[in-house]
Amino acid sequence: MTVQELYQHLVEDVIDPEKALLTVMTIMSGYMLWGTTQFDITSAARFPRLTASVVFIGSILLLAREYLPDPIEQAIVSEGAAFEADEEFTERKEEMEEEIAAEAEGGVSAVDRPIHDSMFTALAVIGYALMGYAIGLLWATPLFVITYARWFRIDPLRTVVLAVIGFAIAYSFMVVLNVPIDAGKVVLTGGAPWLP
């Protein structure tokens, strides 16, 4: 059995890529929730705590949707039940469903990669968290964006623009929330003193 055949067996017969991604999101948001209890400034913890709470609760609900009463399950998974979807969202959803159908017919990835896109996303999120811990989220963010964009074959110019935007967003979080995300636990442990 080759590595590719072993992977196919695992994701088709053992692991559901969607549930794997939701499990990773649940664990990461739970860790983020715990991390907000470590903030020295209570007001700085509000936004990350709110964001992590929404992701945590949403992920739990999606993981447990098969065991919920029908009205709650319909509100979570049916189109437009909980939130009104606009036309653009509906079109994008249809495109994604077509991509998934094409993926099921032609291969494991919509962009012709050797593993499922959802599995890559789960692994990328884990890598982002580990890299953020090691070198700081400020520096890990553009690297994550570049890796993610190149996986989905976004052209280099757009990839660079997205990486710069990702860095700017991370930097604004650092400045506005006064959270030292420029410091890692392995590299740049004291942060980046050259940043304003």
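A pocket here is an open set of points, on a 1 Å grid over the protein atoms alone, where a 1.4 Å probe fits, with protein on both sides within 12 Å along at least five of seven lines. This is a predicted model, with pLDDT of at least 70 needed for local features and 80 or more for side-chain atom pairs, while totals for linings use all residues. Residues are numbered from 1 along the chain, and side-chain values use heavy atoms, leaving out hydrogens and water.

The largest pocket holds about 1,800 Å³ of space, counted as the space filled by probe spheres set on the points. Its lining (residues with an atom within 4 Å of a point) runs to 44 residues, and Tyr 31, Met 32, Phe 39, Leu 137 and Ile 181 sit closest to the centre. By type, the lining splits into 30 nonpolar, 12 polar (Gly counts here) and 2 charged (Asp, Glu, Lys or Arg) residues. Helices (DSSP runs of H or I, at least four residues) that each supply at least two lining residues include H3 (46-63) and H8 (156-177), but H2 gives the largest share, with 9.

Then there are the nonpolar cores, sets of buried residues (under 20% relative accessible area) joined through side-chain atoms within 4.5 Å. The largest has 9 members, among them Tyr 7, Val 11, Met 119, Phe 120 and Trp 151. Helix H1 (3-14) and H6 each give two or more residues to this core, with H6 giving the most, at 3. Beyond its neighbours within four places in sequence, Phe 120 is in contact (heavy atoms within 4.5 Å) with Ile 115, Thr 147, Tyr 148, Trp 151 and Phe 152. Another core, of 7 residues, lies apart and includes Leu 138, Ala 170, Tyr 171 and Leu 195.

Note on methods
Buried means under 20% relative accessible area, exposed over 50%, partly exposed in between (1.4 Å probe, protein chains only).
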